[in-house]
Amino acid sequence: MHLPKTGAAARFGSPEQAESPHGQRRTADARVATIATRAEVLVMPELEQQATLGRIRDFLASRPETARGGFTLPMLTGVLRVRRL
């Protein structure tokens, strides 16, 4: 993807990739509120949206890791970098 398709000289070196695991402190209510802002949820009919968010809320309430107080939502950030030659 970083090489020209025309046979011209490359302007960028080989890509470098790195990943960094981290987490965000959340509560079940905060997680449901975040999910409610996603495009696929926002375009649902209102009754379907409420039912979906209710199922997510019920699931989080049923798990010991997320039922009370805060929990760490595991995340992974990926970076792809190319350097100009």
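The model is a predicted one, in which local features require pLDDT of at least 70 and side-chain atom pairs are counted only at pLDDT 80 or more, whereas totals for chains, interfaces and linings use all residues. Residues are numbered from 1 along each chain as its sequence is written, and side-chain values use heavy atoms, with hydrogens and water left out.

Four salt bridges are found in the whole structure. One of them pairs Glu 16 with Arg 83 at a closest N to O distance of 3.1 Å, and it links distant parts of the chain, since Glu 16 belongs to strand β1 and Arg 83 to the segment after β2, 67 residues away; helices (H or I, at least four residues) and strands (E, at least two) are DSSP runs numbered from the N terminus. With a relative accessibility of 34%, Glu 16 counts as partly exposed, and Arg 83, at 47%, is also assigned to the partly exposed class. A further salt bridge joins the side chains of Arg 38 and Glu 40, with an N to O distance of 3.1 Å. Arg 38 is located in the loop between α1 and α2 and is partly exposed, given its relative accessible area of 47%, while Glu 40 is partly exposed at 44% relative accessibility. The C-alpha atoms of Arg 38 and Phe 12 are separated by 35 Å, although the two residues are 26 positions apart along the chain.

The chain contains three helices and two strands, which follow one another in the order β-α-α-α-β along the sequence. Its C-alpha atoms occupy a box of roughly 55 × 30 × 15 Å along the principal axes. The radius of gyration is 21 Å, whereas a compact globule of 85 residues would have a value near 12 Å; this quantity is taken over C-alpha atoms, and the globule rule is 2.2 Å times the number of residues to the power 0.38. Buried residues account for 18% of the 85 residues in the chain. Among the contacts with a separation of 6 or more, 76% are between residues 24 or more positions apart, contact being defined as heavy atoms within 4.5 Å.

Ala 28, Val 32 and Ile 35 are the buried residues of α1; viewed down the helix axis, the buried residues of α1 fall within an arc of 60°, so they line one face of the helix, the arc being that of the directions from the helix axis to the C-beta atoms. The buried residues of α1 pack against β1 (16–27), α2 (39–42), α3 and β2. When neighbours within four places in sequence are left aside, Leu 53 is in contact with Val 32, Ile 35, Ala 36 and Val 41.

Leu 80, which lies in strand β2 (residues 70–81), counts as exposed because its relative accessibility is 63%. Apart from neighbours within four places in sequence, Leu 80 is in contact with Pro 15, Glu 16 and Gln 17. The C-alpha atoms of Leu 80 and Val 43 are 31 Å apart, with 37 residues of sequence separation between the two positions.

Notes:
Buried means under 20% relative accessible area, exposed over 50%, partly exposed in between (1.4 Å probe, protein chains only).
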